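Work through the exercises below with the structure open. Try each task before reading its solution.

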Amino acid sequence: MRIKAILKFAWALRRAEPDILLPYTIRPNVICGFTWRLTGASLCIWNQRDEGRSLGVEYNWQRFAVRLVPCFLSNSTHAADYLKTTLGVDPQQIKVIPNGVEELTPQINRSIWRTQNCTPQDAFVACMVANLHHYKDHATLLQAWLLVSNHLQQCNRQAVLLLAGRHDDTYESLLTLSKELQLNDNVRFLGKVNDVASLLNAVDIGVFSSHFEGCPNGILECMSMGLAVAGTDIPGIREAVGEDGALFLSPPNDFESLANNILKLAFDQELRKIAGEKNRRRIETFFSVNRMVEESQKLIQTALPEKPLCY
């Protein structure tokens, strides 16, 4: 990192006269950790949003910066474990507050969405909401979807996989893989989707294959819409779906297991309904925006006892 640029950033913040700094993701955490006292802020809260995937990125800077920050926020327990075990943060300084997702309201109904997007009304449709980059594992999902689509085709059903998300560094390779697997109309790359609620309202299940996760909003949004979710059994996803939802998680890179879990849900509408309703209730209990805001407010007030905040 460039010292001159960091000092320039600190001076710009000082002119803004901040009361609290709440950076987001690793590099902002590190920079604000070094500079927050220079800005005139009363508090800086390190905001850990992942499980330590950036361990090799400026790792020594991270270890030094955490010593200068009095308070830490994490959106998941395993991300908090990274702070404790890898960066050496005192557990008493860390507060875990899960992500909150707003209630999604579809703009158009299921039938109209499918018609507008050339998706058969009777097709079995799954969707993964995640940008296409190397932290996700869309490749394993595509391999699983080949098995799913072939199996359903034998039962005279069409299977359609919708990949919603920005086309980042793995898009070209995934497009090539999809063609090699001859998935054709069974997979669609939607790119960035603005009306996620209508999209999820038009599908049958959510899917989520990934290498690394903190607290994945792509899963939480599916759950909030009452969808069952099949995905990768890694800590961030397991923490999101809970014990009941973990029944549909598969070992990393195991496309056959993932396909089997998807097929269980494809052939059992009642199972999808029960799992989806459990997911919806879990969102209401643990991942509501109100809960996130209230707990964040308490954290700030506790860290600033001499300056209680009014809202």
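**Exercise 1.** In what order do the six strands of the open sheet lie, and is the pairing parallel or antiparallel?

Some ground rules come before the solution. This is a predicted model, numbered from 1 along each chain as its sequence is written, and side-chain values use heavy atoms, without hydrogens and water. Local features need pLDDT of at least 70, side-chain atom pairs count only at pLDDT 80 or more, and totals for chains, interfaces and linings use all residues.

*Solution.* Step one: read the order, which is β7-β6-β5-β8-β9-β10. The pairing is parallel. Strands here are DSSP runs (E, at least two residues), helices are runs of H or I of at least four, and both are numbered from the N terminus. Two strands pair if DSSP finds at least two bridges between them. Step two: find the edges. β7 (187-191) and β10 (249-250) each have a single partner strand, so one side of each lacks a neighbour in the sheet. Step three: check one pair. β8 (residues 205-208) and β9 (residues 229-232) run parallel and share three bridges. G206 has V229 of β9 as its bridge partner.

**Exercise 2.** Which strands does helix α11 touch, and at what angle does α11 run to β9?

*Solution.* Helix α11 (residues 255-266) packs on the sheet and touches β5 (124-129), β8, β9 and β10. Contact means heavy atoms within 4.5 Å. The direction of α11 makes about 175 degrees with that of β9. Axes are lines fitted to C-alpha atoms, for helices over the stretch in contact, and angles between N-to-C directions run from 0 to 180 degrees.

**Exercise 3.** Is G276 buried or exposed, and which residues does G276 touch?

*Solution.* G276 sits in helix α12 (residues 269-286). G276 is buried, at 0% relative accessible area. Buried means under 20%, exposed over 50%, partly exposed in between (1.4 Å probe, protein chains only). Not counting residues up to four places away in sequence, G276 touches M223, G226, L227 and A228. A228 is 48 residues from G276 in sequence, yet their C-alpha atoms are 4.3 Å apart.

**Exercise 4.** Which strands form the four-stranded open sheet, and in what order?

*Solution.* The order is β1-β2-β3-β4, with parallel pairing. The edges are β1 (20-21) and β4 (94-96), each with a single partner strand. Four bridges pair β2 (residues 43-48) with β3 (residues 71-74) in the parallel sense. One of the bridge partners is C71 of β3, facing I45. Helix α4 (residues 77-86) lies across β2, β3 and β4, at about 170 degrees to β4.
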